[in-house]
Amino acid sequence: MKVKVGISNRHIHLTEDAYRLLFDKNLTKKQDLSQPGEFAAMETLTIEYNGKKIENVRIVGPFRDYNQVEISKRDARLLGIDPPIRRSGDLKDACDIIISNGLKKFKLKNSCILSNRHIHISKYLANTLRLKDNQEVTVKVPGLKGGLLTAFIKISDNGVFELHIDTDDANSMNLNSGDEVDLII
């Protein structure tokens, strides 16, 4: 079965309280993302650790109940940190990281992770395919740099069927957003 690829660059999820510590304006939508209700915001921040920085990291809305910074392994090496690979919202052993808007900054404790590969899927399609939430599946990537990847199923009421990988995975397998790969069940 074919599944579309979505490549996720580094980004930040914030609580409304954390956002208000940095900005005196409302979160502004730049563009909708593939999953219903999610959007890339106009606002960006700098993330830093031990004096090393990555600027223009996009905030993703809407606000969440937790603060989370998702980066790639390449970003982690640049910053000199070793965040765990986690499912969104699982911040066990997550790294601390500093976020700033150029004028204000503060440390987010236990908030920086490498996002695991996952496939968004609706409850209806998951039931049809007999897939369970957090089930590990295999994805076959075609092409000269293709191969097999493992990913986890992420079920939501109206999830759009899409494999989410980070820029490191995409580059290693020569994938672009919108490409299709094969889900092996």
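A pocket is an open set of points on a 1 Å grid over the protein atoms alone, where a 1.4 Å probe fits and protein lies on both sides within 12 Å along at least five of seven lines. Its lining residues have an atom within 4 Å of a point. The model here is predicted, and totals for linings use all residues, while local features need pLDDT of at least 70 and side-chain atom pairs count only at pLDDT 80 or more. Residues are numbered from 1 along each chain as its sequence is written, and side-chain values use heavy atoms, without hydrogens and water.

Start with the largest pocket. Its volume, the space filled by probe spheres set on the points, is about 720 Å³. The lining has 37 residues. Ile7, Ser8, Asn9, His11 and Leu33 lie nearest the centre. Strands (DSSP runs of E, at least two residues, numbered from the N terminus) contribute here. E1 (2-8) gives the most, five residues. E2 (11-13), E5 (52-61), E9 (105-115), E10 (118-122) and E13 (162-166) each supply at least two.

What classes make up this lining? There are eight nonpolar, 18 polar and eleven charged residues. Nonpolar means Ala, Val, Leu, Ile, Met, Phe, Trp, Tyr, Cys and Pro; charged means Asp, Glu, Lys and Arg; the others, Gly among them, are polar.

Now turn to the second largest pocket. It holds about 200 Å³ of space. Lys73, Ile85, Leu114, Arg117 and Phe152 are among its lining residues. E9 and strand E12 (147-156) each give two or more residues to this lining. E12 has the largest share, with three. By class, this lining has four nonpolar, three polar and four charged residues.

Note on methods. Helices (H or I, at least four residues) and strands (E, at least two) are DSSP runs, numbered from the N terminus.
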